[in-house]
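Subject: Handing over the structure, with notes on what was found

Dear colleague,

I am passing the structure on to you with this message, and the notes on what was found in it follow below. Please read them with the structure open beside you.

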Amino acid sequence: MINTHCHIDHILGCRFIKEKFNPVYYAPEKDIPLLEHASDQAQMFNITISVPPKPDELITEKTGLYLGKSKLSFLFTPGHTPGEYCIYLELEKICITGDVLFNESIGRTDLWGGDYNNLINSIKSKLFVLPDDITIYPGHGEESTIGHEKQYNPFIN
């Protein structure tokens with residue numbers, strides 16, 4: 001189980017999944033305060049949450065995981081949260097961008113730990129250096145490609 005970041009909408013089911021299937025749980029170290037304050041995040045949206053589990057492993061750019069023969073690399077992309085990572089599968093030409101980069105949009109920076117300048121820098125220095133034909137799968141909404149976002153994303157251009 002991997003959290004690209006630890007905002008409330010991405011951690012709601014973690015306790016259930018951990019208790020039911022007991023996977024190794026990966027999360028970004030700099031987002032641990034978000035996990036620890038999950039109930040405060042939930043109150044902002046008038047919902048309740050079970051205390052999320054503590055991660056078994058912390059994500060770094062040196063973390064290397066495999067799904068079968070597919071290698072997952074982690075790109076540190078703070079801005080939406082202090083510790084967010086995107087997951088890059090180079091051979092498959094896929095990048096899971098969490099809430100950093102969306103189809104013609106970017107992640108919010110008005111939530112806990114958000115920083116607009118860090119987000120834009122992350123996109124330009126970590127994502128826009130990837131090949132244009134990389135398909136991105138964001139945490140919300142439709143897929144896109146790096147090339148499309150370079151050309152049409154109004155927040156970057």
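The lining of the second largest pocket is made up, by class, of eight nonpolar, two polar and two charged residues, where Ala, Val, Leu, Ile, Met, Phe, Trp, Tyr, Cys and Pro count as nonpolar, Asp, Glu, Lys and Arg as charged, and the others, Gly among them, as polar. Please keep in mind that this is a predicted model, in which local features need pLDDT of at least 70 and side-chain atom pairs count only at pLDDT 80 or more, while totals for chains, interfaces and linings use all residues. Residues are numbered from 1 along each chain as its sequence is written, and side-chain values use heavy atoms, with hydrogens and water left out.

Pockets

A pocket here is an open set of points, on a 1 Å grid over the protein atoms alone, where a 1.4 Å probe fits and protein lies on both sides within 12 Å along at least five of seven lines; lining residues have an atom within 4 Å of a point. Grid points are joined across faces, edges and corners, and a volume is the space filled by probe spheres set on the points.

The second largest pocket holds about 170 Å³ of space, and its lining consists of Ile32, Leu35, Glu36, Ala38, Ser39, Ile49, Ser50, Val51, Pro52, Pro53, Lys54 and Pro55. Helix H3 (32-36) and H4 are the elements that give two or more residues to this lining, and H3, with three residues, provides the largest share; helices (H or I, at least four residues) and strands (E, at least two) are DSSP runs, numbered from the N terminus.

The largest pocket has a volume of about 210 Å³. Among the 14 residues that line the largest pocket, His7, Asp9, His80, Arg108 and Leu111 are the closest to its centre. Helix H1 (8-11) and helix H4 (38-44) each contribute at least two residues to the lining of the largest pocket, which by class has six nonpolar, five polar and three charged residues.

Surface patch

On the surface, Leu12, Met44, Phe45, Ile47 and Trp112 form a nonpolar patch with about 450 Å² of accessible area together. Such a patch is made of residues with over 30% relative accessible area and no salt bridge, nonpolar side chains (Val, Leu, Ile, Met, Phe, Trp, Tyr) being joined within 5 Å, and accessible areas come from the Shrake-Rupley method with a 1.4 Å probe, with only the protein chains shown counting as cover for residues. Tryptophan 112 of this patch sits in the loop between strand S8 (105-106) and helix H5 (116-127), and at 31% relative accessibility it counts as partly exposed, given that buried means under 20% relative accessible area, exposed over 50%, and partly exposed in between (1.4 Å probe, protein chains only).

Salt bridges

How many salt bridges does the structure hold? There are six, a salt bridge being a side-chain nitrogen of Lys or Arg within 4 Å of a carboxyl oxygen of Asp or Glu.

In one of them, lysine 18 pairs with aspartate 56, and the closest N and O atoms are 2.6 Å apart. This pair links distant parts of the chain, with lysine 18 in helix H2 (residues 14-21) and aspartate 56 in the loop between H4 and strand S2 (57-59), 38 residues apart. Lysine 18 is buried, at 15% relative accessible area, whereas aspartate 56 is partly exposed, at 39%.

Glutamate 61 and lysine 126 form another salt bridge, their closest N and O atoms being 2.6 Å apart. Because glutamate 61 lies in the loop between S2 and strand S3 (64-67) and lysine 126 in helix H5, this pair ties together parts that are 65 residues apart in sequence.

Aspartate 132 and lysine 150 also meet through their side chains in a salt bridge (2.7 Å, N to O). Since aspartate 132 lies in the loop between H5 and S9 and lysine 150 in helix H6 (residues 146-152), the pair ties together parts that are 18 residues apart in sequence.

Backbone

Asparagine 46, a residue other than glycine, has a positive phi near 60°; asparagine 46 is found in the loop between H4 and S2 and counts as exposed at 72% relative accessibility.

With best regards

Conventions:
Patch = residues over 30% accessible without salt bridge, like charges linked within 9 Å, V, L, I, M, F, W, Y side chains within 5 Å.
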